[in-house]
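Dear colleague,

I am passing the structure on to you with this message, and below it you will find my notes. Please read them with the model open beside you.

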Amino acid sequence: MIEAQGLTKKFGDLTAVDGVSFKVEEGEVFGFLGPNGAGKTTTVRMLCCLISKTSGEARIADYDVGKDSDSLMIRKIIGLVPDNVGLYDDLTAYDNLEFYGKLYGCTEAQRKENIERFLKMLGLWDKKDVTAGTFSKGMKQKLAIARALIHDPRVLFMDEPTVNLDPESSKTVRDFILELKKEKKTVFLNTHNLDEAQKICDRIAILNTKLMAIGTAEELERSVRGRQTEVQLVQVNDAIMGALGRLSTGKVTRDGNSITVDVLDPEKENPEIVRAIVGAGGDVQSVSINTSTLEDAYLKLVKETK
Amino acid sequence: MNLAKSWIVAAKDLKSFLRKRTVLYTTVILPLMLSVLFPLVIEISSRKSGGIPAASLPALLNSFAFFFVIIPAIVPTPIASYSIVGEKIEKSLEPLLATPTTDGEILLGKYLAAFLPAIVATYAGATIYMTLIDSLTYGKLHYLYYPNSGFALTLLVLAPLSATLSVEASVIASSRVSDVRSASQLGGLMFLPFMGIYLASELGLITLDTNTLLIIGAILAVVALVLFRVSTAPFSREEILTKWK
């Protein structure tokens, strides 16, 4: 649904996005993680045909990003929730959506149906005649999401949709994104909330001007240091180290009476490790699996680019 | 260009504008005030000193009429400034630009939203002015002074051009500042050249007859075209999102 190849954006001498390549499948929730100034918003703006790309290629559905004749078509099939909600404070919730529905070319019946549907889904139907300026941050964010969906887009770009929201509103937004996934909508989620990315994204890309890594949360966690099995023994001796060395597992390190073994598949390899230790006369006190977190992966990758 | 989309943008801005009482009053008060003030001057002077001689009336009325070129240069600035700077302040331009609408359609919508109220208010004021002046001067002139070709030229050519110039100046100002008052003040400077023309006529340097009005109209049209180019240049998605503060 979304494909970028070597996507680059320069502002004068400053490279904001540097040769980014990725693919997002239809119906996927794709997380775009990165620190402030990493180029996340710039990437979204390029994909939404709001700013031009300096080089590289990008496609949304069957349309070329950057090709004038395709820009309007792309904007018809996407919805954008920008980092600043940008509602018209002096218009009611209903009028805000009605205005956008008209601009997207929805018929009166479609507008009526979608406005009611999304305001109800997001719990704002009772407030439809209230001016947006009186809304709380959470309500405004929900209204901005409804606005982005008013024309039933195939792709939804969301730029930090839960930033500054209280936990309850954040959860409503996350649950709503998962509802959209059930409807086979493709969601491109810019965030620096690791927990949020882990909870709702099928795959995650880590960006810091350049694309540092891409994969599922689990794959990214493993990419930092893989998985490790840590075995606590009463006493470690050379026979135990020799027995572990003969296994086809990864690197074995000793720290006092504790041994750490790099493993790929702990469920398969841990029994072999324990058997080898016991076979060499070792007394096992505990076995634990050390895995790195998405946060470890994120921090390591971001640090590498500094 | 899809004019329907421009109209959607304009209609939304007009709806917002009608809710802003200060902007609404500014738009309505000035034309209405002047439309009553000038006939009042005629009436008061006729009561005090036997009135203005019939031979002097046309020149005076032509001077008054020129204010209906000045009014549309003043009235659109608060609306035009609010229409664009307001979007900047509310940060509502990005979602608007993400819709399948061209930069030109959005800008035209903004132009219409500022232009139409100014022209409607000017025409409403002009109608009141013409009616009152005719009723007050008929006894002395023995004919209805309005409507006439000079005033038709003023209302149908000069007033729209004046409003257009004002909107264009406000758009240019709005792209460079980030508060409505500054944009409004900068855009409002557009009335100065018109005041200059008026003062020149009062000092006898020019006569505001039909020929002069035609020349002024031609100059305004050229300036409007130049300002249109200048005002549309900063109104592109990329400029707005990356350079506007």
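Helices (H or I, at least four residues) and strands (E, at least two) are named here as DSSP runs, numbered from the N terminus. This is a predicted model, in which local features need pLDDT of at least 70 and side-chain atom pairs count only at pLDDT 80 or more, while totals for chains, interfaces and linings use all residues. Residues are numbered from 1 along each chain as its sequence is written, and chains are lettered from A and ligands numbered from 1 in the order in which they are written.

To begin with chain A, it holds 11 helices and 14 strands, and it is divided into domain 1 (2-215) and domain 2 (226-291), with bounds that come from an automatic or database domain assignment. The C-alpha centres of these two domains of chain A lie 47 Å apart. Taken along the principal axes, the C-alpha atoms of chain A fill a box of roughly 80 × 45 × 30 Å. The radius of gyration of chain A is 25 Å, whereas a compact globule of 306 residues would have one near 19 Å; the radius is taken over C-alpha atoms, and the globule rule is 2.2 Å times the number of residues to the power 0.38.

Where chain B meets chain A, 20 residues of chain B are in contact with 24 residues of chain A, contact meaning that the C-beta atoms of two residues, placed from the backbone, lie within 7 Å. On the side of chain B that touches chain A, the elements giving two or more residues are α1 (3-19), α5 (93-97) and α11 (237-242) of chain B, and α1(B) gives the most, with 6 residues.

Some backbone details also deserve a look. In chain B, the loop between α6 (103-141) and α7 (149-174) contains Pro147(B), which is joined to Tyr146(B) by a cis peptide bond with omega of about -10 degrees. His142(B) is found in that loop between α6 and α7 as well, and His142(B) has a positive phi of about 65 degrees although it is not a glycine.

With best wishes
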